[in-house]
Structures are given as C-alpha cells and as structure tokens.
Amino acid sequence: MQSQALLQSNPLRVSSPLDPLKKPILNLKSPSLTTITTRRRAVISAAVASAPKREKDPKKRVVITGMGLVSVFGNDVDTYYEKLLAGESGIGLIDRFDASKFPTRFGGQIRGFKSDGYIDGKNDRRLDDCLRYCIVAGKKALEHADLGGDNRSKIDKERAGVLVGTGMGGLTVFSDGVQNLIEKGYRKITPFFIPYAITNMASALLAIDLGFMGPNYSISTACATSNYCFHAAANHIRRGEADMMIAGGTEAAIIPIGLGGFVACRALSQRNDDPQTASRPWDQDRDGFVMGEGAGVLVMESLEHAMKRDAPILAEYLGGAINCDAYHMTDPRSDGLGVSSCIQSSLADAGVSAEEVNYINAHATSTLVGDLAEVNAVKKVFKKTEGIKMNATKSMIGHCLGAAGGLEAIATVKAIQTGWLHPSINQFNPEPAVEFDTVANQKQQHEINVAISNSFGFGGHNSVVAFSAFKP
C-alpha cells in the first residue's frame, strides 16, 4: 500500500475451468492479436531454453489445491470472479456507522456476511470480523481442496499449518476496548480484548478449530501481508516442515478509527459523489485509494502430497520474494529499486525468465505516486511491454489492506484457469506513461504463461509471487 503525502506423471483431477465467455472481447491496436501471440510465443520459447531451472522435485514443488474468500461480492470464489469479469464495482456508501462527518464516506464494505455452518453462534457473536472472515475463508478453501469434513482424516495434521496474516488485527475489538476503558473504566474491558485484537489469533483459531498442528503464526506487513504469508508458507513446504499450509490474509478495518486513520494519512479518495468510479488505478484523475475488507486464502501443498490424495490441482506456485525499500514510511522509492529487485528475485526463485511472464496482477491502489512508481519499477524488469497484460483488481473491490494479496492471488489463479482477465475499470483518462495493456474497462481473453502478483505495504515492504498453470 503506497499513499501519495507491495515428477513423474500420475492421474490428477485438474479442476475444470469456469467458462463465462461467449466471444473474446479484444481491445488491441495493431499489430494484430495473432502477430503478437506468435511473436510472444517465439520469445517465450527462446527464454525457456535459457531460463533458470524450475523446481522438479515433487516434494518441493508447491501447488494450489483450494481457494477460499470473504469479499464484497460474497463468499463464493466463482461468483467473485464472475463479478470481476463483468466489471462490477463493489464500492458504495458506508452504512455500518455514521460516516457523514468524514471527508471520505464510502468503501468496499461487506454486507450481509453470514458464518452459518462455519462458526458456532456463541463464538460468532464474540469474534472480531477479522477473525470471522479468516475462519470462513479458511474452511471454504479446505472444502474447495476436497478436505471438508471427514476428508481431513486423509492428512497428517501434525504436518498441516496455518499462516494467515493481517495488517490491522482485531481493530473493532481494540477500538471498543479503548472506548470502554475511557468511558466506563477497566472493569468493562472484555476478557477477549487482548486475544481477539492480536494479529496471530486468526491463524491460531483456525488451527484450533481444524486441529492443524504444523507451522502456525501470522505476518503483519501492512498491505503486503498476504504475499509474505504465501512466500513463507511455500518455504515451509519446500524445507520439508509441512505437507500443506493454509495461507493468505484477512482484514476488517472499515470502522470509524480505521477510516479516520487513513483519512489522516491523506491516502483516501474523496469522490463521495460517485463512489463506484473512485478507485481508478492509472487514471490521471485518481485521487487516492478506496478502503476494502475481506479475506483471501489458498491451500498450498507439496505436489507429492497433492498427488497422493488425488487432489484437485488449480495452479502451481512457482516462487516469490520479499524485500524492503528502506526509504520512507508511506512513499515508494522514486527509482523503483526495491520493487524491481523484488520482481527479479521472485523470478529467480520461481526459475523463470522475465520473457516468460505475460500477466501482472498489479498492486495498483489508485494513488498519485504509487501507481506510476510501480509501473516504472516493472518497466525496469520487463523491457518490452508488448504482449504483457496488467490489471487492477482494486478498481472493483477497493484496497483490502492485509487481505488484498490474498484476494488478488485468487483472481490470478482464476485468470490462469479460465483464460480470461478481468478488466481494470474506471479507465477514463489513462496515464500515457503506463504503456502496458491494462485490460481497460472490458475483460480480455488471454492465455497465461507465467503470472506475477505484486503487493506493497507501508514501511516499504515489497512482495511478489509467481503462478502458472500446473504441468506434470
């Protein structure tokens, strides 16, 4: 988040793709799509021959077998992606509390969330939304991975871990506790104040519920949190410390203190007269990001483990990287060095060359400085923009802070599966310096070779993860 003031063959059940398309929607200028595709494939073929070697050991290859989310578009992965493909905005006026006195009065607020069947009623009433979102998303991801209910007996729970981070933690519980302290005294602070406010509790409660005894902790690197968790979770698998991990991010900060804090940072859009067009990455008239919330998690497994249980393999996690700008609390480096070096390190970890990448799910928050800083850094790595598509999930769901990378990773995997990229909406007056095809305003058909997903956070935290279709 940047403000303006991150084997051998074996029978597999590879999941069938969602096919929401009828006719390709193309928005390309000359040269023709066929020419670009042919040229790009030739470049990729040459790059593959000279690229770093990808991991071959089935114990160390990491695959995605399940996805779960809570979003402004609901809790179903396919519905979420269908709405993204349709270019639907989830942004609206905040009605959870009286926001009329705030200079920003809108966001990607989740409405009608229900945890029925996933959290018992008593706990559901006590838990902070940050924790509720994590538990529901995590359990839905396991169901997606064919590990719901009794099927979890198939796995060794001592080798199954949880690594779901959050940028803000249980902010509602924390805010309510402080208010009770000031207005009523310490005796009125709930005994759940500390447990439900600390950032590690989402991972802990999910593991307690599931009985997963493997690696368990949280990472909090602001809006780079989810990607940091994916990177760490994959390394636990690669090092042989776990067979599978539930990893991602969760966030629920659309409350008065959360909104007010980002207003104070002068980071938010104030387009109150037209909230649905407020998040407009790479548009010359952008005026700040839009707050969102939710959770996005992946089930990550070693290929060996997934094959043994005949798991549905959705995509492969190729690698990732993390680093720090070491520059400023909220602004990106003007030279883009931190981001560009992070992308290069992620490609090295993934065993792919820059020429093999043809899709970027950008961080793209709709801030004046951050959007172009990311583009400039990306250009340092990808010298030719031709054939590379780059889109912005935040244009529709807002910036979900610690959960952003999780929800964007799900969008990236769905793009790999379906062959369709969701649009970057609200592209009215595009920045000429961007140069990439940003999938402006309409979905596009695109066969993804290698995809990367970028997430950056306050503090200069950079993270990049790479995915591709699974090939035995």
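A: A residue counts as buried under 20% relative accessible area, as exposed over 50%, and as partly exposed in between (1.4 Å probe, protein chains only). The model is predicted, so local features need pLDDT of at least 70 and side-chain atom pairs count only at pLDDT 80 or more, while totals for chains, interfaces and linings use all residues. Residues are numbered from 1 along each chain as its sequence is written, and side-chain values use heavy atoms, with hydrogens and water left out.

Rings of Phe, Tyr and Trp (its six-membered ring) pair if their centres lie within 6.5 Å; planes under 30 degrees apart are stacked, those over 60 are edge-to-face, and the rest are tilted. Across the whole structure, 7 aromatic pairs are found. One of them joins Phe97 and Phe102 edge-to-face, with 6.0 Å centre to centre and 70 degrees between the planes. Phe97 and Phe102 are both buried.

Phe113 and Tyr133 form another edge-to-face pair, at 5.0 Å centre to centre and 80 degrees between the planes. This pair links distant parts of the chain, 20 residues apart: Phe113 is in the loop between strand S4 (106–107) and helix H3 (121–126), and Tyr133 is in helix H4 (residues 129–144). Helices (H or I, at least four residues) and strands (E, at least two) are DSSP runs, numbered from the N terminus. Phe113 has a relative accessible area of 14% and is therefore buried; Tyr133, at 1% relative accessibility, is buried too.

Elsewhere, ring pairs connect Phe262, Phe289 and Phe458 into a cluster.
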